[in-house]
Amino acid sequence: MIEVSEVRRRLRQAITDGRKAAEQRHERSQLASADYARFLEMVAVPVFRILANVLRAERYLFELSTPEGSVRLSSERSAKDFLDLVLDVSVDPPVVMGRASHTRGGHVVLVERPVLDGARIADLTDENVIQFLMAEIAPLIER
């Protein structure tokens, strides 16, 4: 039978390991947040702005917004029709998630996926953003 002292030793080690892991996750999240802020400013917002202008030139009315920590392109016809990017810190390592929402009948369809699987935030490019946008824009403009 296992001794109480052995259980106590293992528990204390698990607590210590858990604290270290939480500190490391927090540090990775802080670094990812800084990388994401740069990514938004230098890459994502400019690409979304270009797409918004092109859509408007093609007579599709979309509005660009930059709510705290994200960038969003919303249809002026329905607030439930949008494309956006957000930082998901609930996973380790944090990842830039692309979200696409559109209505079909009375239903809202929401697609969430990483902009690029396995990519570090600092490695994301304008091409990655435009690929996500082109893959997800069709349901918003096919009417």
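1. Angles between elements, as used below, run from 0 to 180 degrees between N-to-C directions, with axes fitted to C-alpha atoms and, for helices, over the stretch in contact. On that basis α2 runs at about 140° to β3 and lies across β1, β3, β4 and β5. The model is a predicted one.

2. Overall content: the protein has two helices and five strands. Along the sequence the pattern is α-β-β-β-β-β-α. The radius of gyration is 21 Å, whereas the globule rule gives 15 Å for 143 residues, so the protein is more spread out than a compact globule. Along the principal axes, the C-alpha atoms fill a box of roughly 75 × 35 × 25 Å.

3. Of the 143 residues, 34% are buried. Among contacts with a separation of 6 or more, 44% are between residues 24 or more positions apart.

4. The sheet is open, with five strands in the order β1-β2-β3-β4-β5 and antiparallel pairing. The edges are taken by β1 (62-65) and β5; each has a single partner strand, so one side of each is left without a neighbour in the sheet. Direction ignored, neighbouring strands are turned by 20° against each other on average. Helix α1 packs on this sheet and touches β1, β2, β3 and β4, its direction making about 20° with that of β2.

5. Pairing of β3 with β4: strand β3 (residues 82-88) runs antiparallel to β4, and seven bridges join the two. Val 86 has Met 97 as its bridge partner in β4, and Leu 83 has Ala 100.

6. One of the bridged pairs is Ser 101 with Leu 110 of β5. The hairpin here has two residues between the strands, and Gly 105 in the turn has a positive phi of about 65°.

7. Burial of β4: how many of the ten residues of strand β4 (residues 95-104) are buried? The count is eight, so the strand is largely enclosed by the rest of the structure. The cut-off for buried is under 20% relative accessible area.

8. The largest nonpolar core has 29 residues, and those touching the most other members are Tyr 36, Phe 39, Leu 85, Val 96, Val 129 and Leu 133. At least two residues each come from α1 (4-57), β2 (70-75), β3, β4 and α2 (126-141). Helix α1 gives the largest share, twelve residues. In soluble globular proteins, nonpolar side chains tend to be buried together.

9. Val 96 can be followed through its contacts. Beyond four places away in sequence, Val 96 touches Tyr 36, Phe 39, Leu 85, Val 86, Leu 87, Arg 113, Pro 114, Val 115, Ile 121 and Leu 124. Tyr 36, Phe 39 and Leu 85 are, like Val 96, among the core residues that touch the most other members.

10. Met 42 lies in helix α1. Is Met 42 buried or exposed? Its relative accessibility is 60%, and exposed means over 50%, so Met 42 counts as exposed. Met 42 and Arg 113 are 71 residues apart in sequence, with 21 Å from C-alpha to C-alpha. Arg 113 is one of the residues that Val 96 touches.

Terms used:
Residues are numbered from 1 along each chain as its sequence is written. This is a predicted model: local features need pLDDT of at least 70, side-chain atom pairs count only at pLDDT 80 or more; totals for chains, interfaces and linings use all residues. Side-chain values use heavy atoms; hydrogens and water are left out. Buried means under 20% relative accessible area, exposed over 50%, partly exposed in between (1.4 Å probe, protein chains only). Helices (H or I, at least four residues) and strands (E, at least two) are DSSP runs, numbered from the N terminus. Two strands pair if DSSP finds at least two bridges between them. A nonpolar core is a set of buried Ala, Val, Leu, Ile, Met, Phe, Trp, Tyr and Cys residues joined through side-chain atoms within 4.5 Å. Contact means heavy atoms within 4.5 Å. The radius of gyration is taken over C-alpha atoms; the globule rule is 2.2 Å times the number of residues to the power 0.38.
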